[in-house]
Amino acid sequence: MSVTTAKSHYQSEAFARRLRARYAAERNFKIAGIAAIAIASLMLVVLLTSIVSKGYTAFWQAQVRVEVTFDKAQVEERNYAAILRQGLYAQFPQITERSGRRMLNELLSSGAPYELEALVARDPSIVGTTRTVWVRADDEVDQFVKGYFPRTGPEAERRLNDAKIAAVDAMTASGALVQSFNTTLFSAGDSREAEQAGIWGAVVGSLLTLLITMALSVPIGIAAAVYLEEFAPKNKWTDLIEVNINNLAAVPSIIFGLLGLAVFLGFFGLPRSAPVVGGLVMALMTLPVIIISARVALKSVPPSIREAALGIGASPLQTVTHHVLPLAMPGILTGTIIGMARALGETAPLLMIGMVAFIVDVPHGLTDSATVLPVQIYMWADSPERAFTERTSAAIMILLGFLILMNGLAVFLRKKFERRW
Amino acid sequence: MNVQTHIPTSAQAGARSAPAVPNKMVARDVKVFYGAKQALKGINVDIQENKVLALIGPSGCGKSTFLRCLNRMNDTIENCRVEGLIALDGEDVYGKSIDAVQLRARVGMVFQKPNPFPKSIYDNIAYGPRIHGMATGREELDEVVQTSLQRAGLWNEVKDRLREPGTGLSGGQQQRLCIARAIAVSPEVILMDEPCSALDPIATAHIEELIDELRENFTIVIVTHNMQQAARVSQKTAFFHLGDMVECDDTEEIFTNPRDERTQGYITGRYG
């Protein structure tokens, strides 16, 4: 009797309907999931396309070929501007009036004489000879060559007037104006002149800041996590500490900046804009992230491993350092690198401690004034010149490159050291 | 201090057969509390040297808790409180003269689930001797590893792959590896907490043979749910029920002529 009821139940129309509904629910869930991923991917593609399409031209820079004579007297006077001008005027013998020559001077970067100086410094034997040198063009010429400025329309509304356009066209035709790889972008510090501005100062600043962050937050974070997870008694004090750590992880980063301003600059009197202070602030910000991820990683080590080690007479500390910690290391590393990546992309707290300053020199030490990549992006995005627009996008690409590198490293380390039991 | 002199004779142990063998470990009135909950209500057991003592009883009766008191593994459990006396060679293991780390080296343990370290077979065995400084130099260590594996009956199966991870072995081999790891530090007593419950019958037979051989050199306490296993491997059996030790006697006596009806009920399968 009961057998027949069961049979009829599973073969009934109602049951078939229910079964169809179950499958439909699963199908809808899958569709929703795929849609979510598709939307996210689309957003990512739009973002990346926008950045790359705006920024890729920044990796090229218009260069002007000039035939210059390194006159001994002028070199001694360090009058490289005159040397450069003579070479430039020689290319345009038809232009003799003052206004025309001023226009020609504007074709070159205001930093071009320094390039000549650098050449002489590198090889003093060129003094007295005539050489063909390539110097950076002015950023407006650069942007014009890249097609960002119109060549038609009312002359007064154009960035380049007719005479300049004629000169640029003449040089392009004779091969004296070409675009080449923009090494300045990767080797120089910041500058008010877009063609002389580079990201290297910010990269070094970021690396120094991260160095401090890592040196402080990784050992302290791991030690704190090990103590809390493996040794500390579970009582209301440790509960209180845990709640506080979780809270700190969610505190807006600018608060950490204010804390850094008050404590490190105000109380301890550390220098402003310095990577050491940036690193300290970032370490405070990253610590809770590292502690939380390290605790999760330690928790995921099976208790049987601890028992095995204790069971043959390992001390609690030996158990942790010989067995638990190595097994938790992939997870700890992943959490650490993600924390570091967050610190690399962080801007707000650094604004509070003066790392938003305009700094031309590449920093050489932890107390030198410096800025970091995301702040550099922020400052370039604020600059009105057209050439900074593409440099902003280029800097974003470089920052993204670093982030991808770090996250890739996290995945690689996890895969390499992951153990199964 | 010598506790043995003033240890009262337990109510059950040795009542019918005079103890001809010296006691390796004794437990007197052992009570264990997890917070407010009492898990053991005064256990008295004598563990005789070079014999196998089987602890049987239904789930939750406190067998494992008692076993873990013998090498103070319960120390790692928060809120766990142990009262009463447990002595190893007449010395109180919860006293000042024995340190927990030292005790666990002398009283080894094999767990229910094989738990080799995720390291090579060699390192699994060599770890204990290394941290206790029992082997100086490479050759001595190699020797310890080989003897331990031989005594655990695993040498022939793994001698060509000592560098491979211990976790890659089969379940039965892993458990024998854990036994080899335990005996590598030359303990005096080996505690086994249901060592065969995760193994198939063939691997179980292997381990049981091994236990019988190990008896020559070690004192063994084994917790088991398998009554046939208790009958096969042990000389003494203690029956636990709801935190009490109901009966402890020669294994043969327990299985053929139990004095308590709860023991009778359990071994005949009426409950448990």
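Trainee: How do β3(B) and strand β8 of chain B pair?
Mentor: β3(B) and β8 (residues 219-223) of chain B pair in the parallel sense, over four bridges. Strands here are DSSP runs of type E with at least two residues, helices are runs of H or I with at least four residues, and both are numbered from the N terminus. Two strands pair if DSSP finds at least two bridges between them.

Trainee: What should I know about the model itself?
Mentor: This is a predicted model, in which local features need pLDDT of at least 70 and side-chain atom pairs count only at pLDDT 80 or more, while totals for chains, interfaces and linings use all residues. Residues are numbered from 1 along each chain as its sequence is written, and chains are lettered from A and ligands numbered from 1 in the order in which they are written.

Trainee: Back to β3(B), then. Which residue of β8(B) is the bridge partner of B:Leu53?
Mentor: The partner of B:Leu53 is B:Val221. β3(B) also pairs with strand β9 (residues 236-241) of chain B, again in the parallel sense and over four bridges. In β9(B), B:Ala238 is the bridge partner of B:Leu55.

Trainee: Is β3(B) buried or in the open?
Mentor: Five of the five residues of β3(B), residues 52-56, are buried, so the strand is largely enclosed by the rest of the structure. A residue is buried if 20 or more other C-beta atoms lie within 10 Å of its own, exposed if 12 or fewer, and partly exposed in between, with C-beta atoms placed from the backbone.

Trainee: Which way do the residues of β3(B) point?
Mentor: B:Val52, B:Ala54 and B:Ile56 point one way, whereas B:Leu53 and B:Leu55 point the other way, and all are buried. In a regular strand, side chains alternate between the two faces of the sheet.

Trainee: What about β7(B), how many of its residues are buried?
Mentor: Five of the five residues of β7(B), residues 189-193, are buried, and the strand is mostly covered. B:Val189, B:Leu191 and B:Asp193 point one way from β7(B), with B:Ile190 and B:Met192 pointing the other way.

Trainee: Which strands does β7(B) pair with?
Mentor: β7(B) pairs in the parallel sense with strand β6 (residues 107-110) of chain B over four bridges, and in the parallel sense with β8(B) over five bridges. B:Val107 has B:Val189 as its bridge partner in β7(B), and B:Asp193 has B:Val223 as its partner in β8(B).

Trainee: And B:Phe239, where does that lie?
Mentor: B:Phe239 lies in strand β9 of chain B. B:Phe239 is buried, with 27 other C-beta atoms within 10 Å. Leaving aside residues up to four places away in sequence, the residues B:Phe239 touches include B:Ile56, B:Gly57 and B:Tyr266. Two residues are in contact if their C-beta atoms, placed from the backbone, lie within 7 Å.

Trainee: Now the loops. What is the phi of B:Arg72?
Mentor: Phi of B:Arg72 is near 60 degrees, a positive value in a residue other than glycine. Most residues other than glycine have a negative phi. B:Arg72 sits in the loop between α1 (63-70) and β4 (80-88) of chain B, and B:Arg72 is buried, with 20 other C-beta atoms within 10 Å.

Trainee: Is B:Asp89 buried or partly exposed?
Mentor: B:Asp89 counts as partly exposed, with 18 C-beta neighbours inside 10 Å. Phi of B:Asp89 is near 50 degrees, also a positive value.

Trainee: Turning to chain A, how many residues does helix α2 have?
Mentor: Helix α2 (residues 13-55) of chain A has 43 residues and reaches 62 Å from its first C-alpha to its last, close to the 63 Å expected at 1.5 Å a residue. That expected span is 1.5 Å times one less than the number of residues. Of the 43 residues of α2(A), the number buried is zero, so the helix lies largely in the open.
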